[in-house]
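Hello,

Please find the structure below. My notes on what was found follow it.

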Amino acid sequence: MSLLTTKEIMEIIPHRQPMLLIDTIEELEPGKRGVGKKCVSYNEPYFAGHFPGEPVMPGVLMIEALAQVGAVVILSCPQFKGKTAYFAAINNARFKQKILPGDVVMLEVEMIKQKGPIGIGKATATVDGKVAVSAELTFAIG
């Protein structure tokens, strides 16, 4: 059973369809770590143009899905309730395998540093236990 449903995620972050890219939060330690899940379907709007005949989840949306999990991790802290987490930097992004329709993507973000309203997280997306994407994401709380 999921820790947070889509509805509960939407109470923490401002994203809505079609830009809400996480379905559930499976694990959460506010301010420290979280694991989200995205079930990628053939009906995702971006597959119509990326790429017809060979649908692949765009890399920028893979990073965005990870960032949304990171935002839930940070914004679950009482001092940041009601705020918004913005990208401040994306470093060392690596795309190791395609994410395709039918994949279940596990999105893990571990906060490795935080100073005031700035946080840095180590982010990894996996499919069937294999790393698809990894990056270091910096968030600014506003």
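**Two cis bonds in loops**

Pro18 sits in the loop between helix H1 (6-10) and strand E1 (24-29). Helices (H or I, at least four residues) and strands (E, at least two) are DSSP runs, numbered from the N terminus. A cis peptide bond links Gln17 to Pro18, with omega about 5°.

There is another cis peptide bond, between His50 and Phe51. Its omega is about -10°. Phe51 is in the loop between strand E2 (33-39) and helix H2 (59-75).

Before you read on, note how the values were made. This is a predicted model, in which local features need pLDDT of at least 70, side-chain atom pairs count only at pLDDT 80 or more, and totals for chains, interfaces and linings use all residues. Residues are numbered from 1 along each chain as its sequence is written, and side-chain values use heavy atoms, with hydrogens and water left out.

**The overall fold**

The protein has two helices and six strands. Along the sequence they run α-β-β-α-β-β-β-β. The radius of gyration (taken over C-alpha atoms) is 14 Å, close to the 14 Å from the globule rule for 142 residues, so the protein is as compact as a globular protein of that length. That rule is 2.2 Å times the number of residues to the power 0.38. Along the principal axes, the C-alpha atoms fill a box of roughly 45 × 30 × 25 Å.

How much of the protein is buried? Buried residues are 43% of the 142. Buried means under 20% relative accessible area, exposed means over 50%, and partly exposed is in between (1.4 Å probe, protein chains only).

The accessible surface is about 7,500 Å². Carbon and sulfur atoms account for 56% of that surface. The areas come from the Shrake-Rupley method with a 1.4 Å probe; for residues, only the protein chains shown count as cover.

Now the contacts, meaning heavy atoms within 4.5 Å. Take those between residues at least 6 apart in sequence: 61% of them join residues at least 24 apart.

Charges next. The protein has 15 positive and 14 negative charges, and their mean positions are 6 Å apart. Lys and Arg count as positive, Asp and Glu as negative; His and the chain ends are not counted. Each charge is placed at NZ of Lys, CZ of Arg, CG of Asp or CD of Glu.

**Positive phi angles**

Asn92 is not a glycine, yet its phi is positive, at about 55°. Asn92 belongs to strand E3 (residues 85-95). With a relative accessible area of 52%, Asn92 is exposed.

Asp128 also has a positive phi, near 55°, and is a residue other than glycine. Where is Asp128 found? Asp128 is in the loop between strand E5 (118-127) and strand E6 (130-141). Its relative accessibility is 73%, which counts as exposed.

Gly129 is in the loop between E5 and E6 too. Gly129 is exposed, at 68% relative accessible area. Gly119 lies ten residues from Gly129 along the chain, and their C-alpha atoms are 26 Å apart.

**Aromatic pairs**

How many aromatic pairs does the structure hold? There are two. Rings of Phe, Tyr and Trp (its six-membered ring) pair if their centres lie within 6.5 Å; planes under 30 degrees apart count as stacked, over 60 as edge-to-face and the rest as tilted.

Tyr46 and Phe47 make an edge-to-face pair, 4.7 Å centre to centre with 65° between the planes. Tyr46 is buried at 14% relative accessibility. Phe47 is buried as well, with 7% relative accessible area.

Phe87 and Phe139 make a stacked pair, 6.5 Å centre to centre with 15° between the planes. Phe87 is in strand E3 and Phe139 in strand E6, so this pair ties together parts that are 52 residues apart in sequence. Phe87 is partly exposed, with a relative accessible area of 37%. Phe139 is buried, at 2% relative accessibility.

**One more residue in E6**

Thr138 is in strand E6. Thr138 is buried, with a relative accessible area of 9%. Beyond neighbours within four places in sequence, Thr138 is in contact with Tyr86, Phe87, Ala88, Ala89, Ile118, Gly119 and Ile120.

Best wishes
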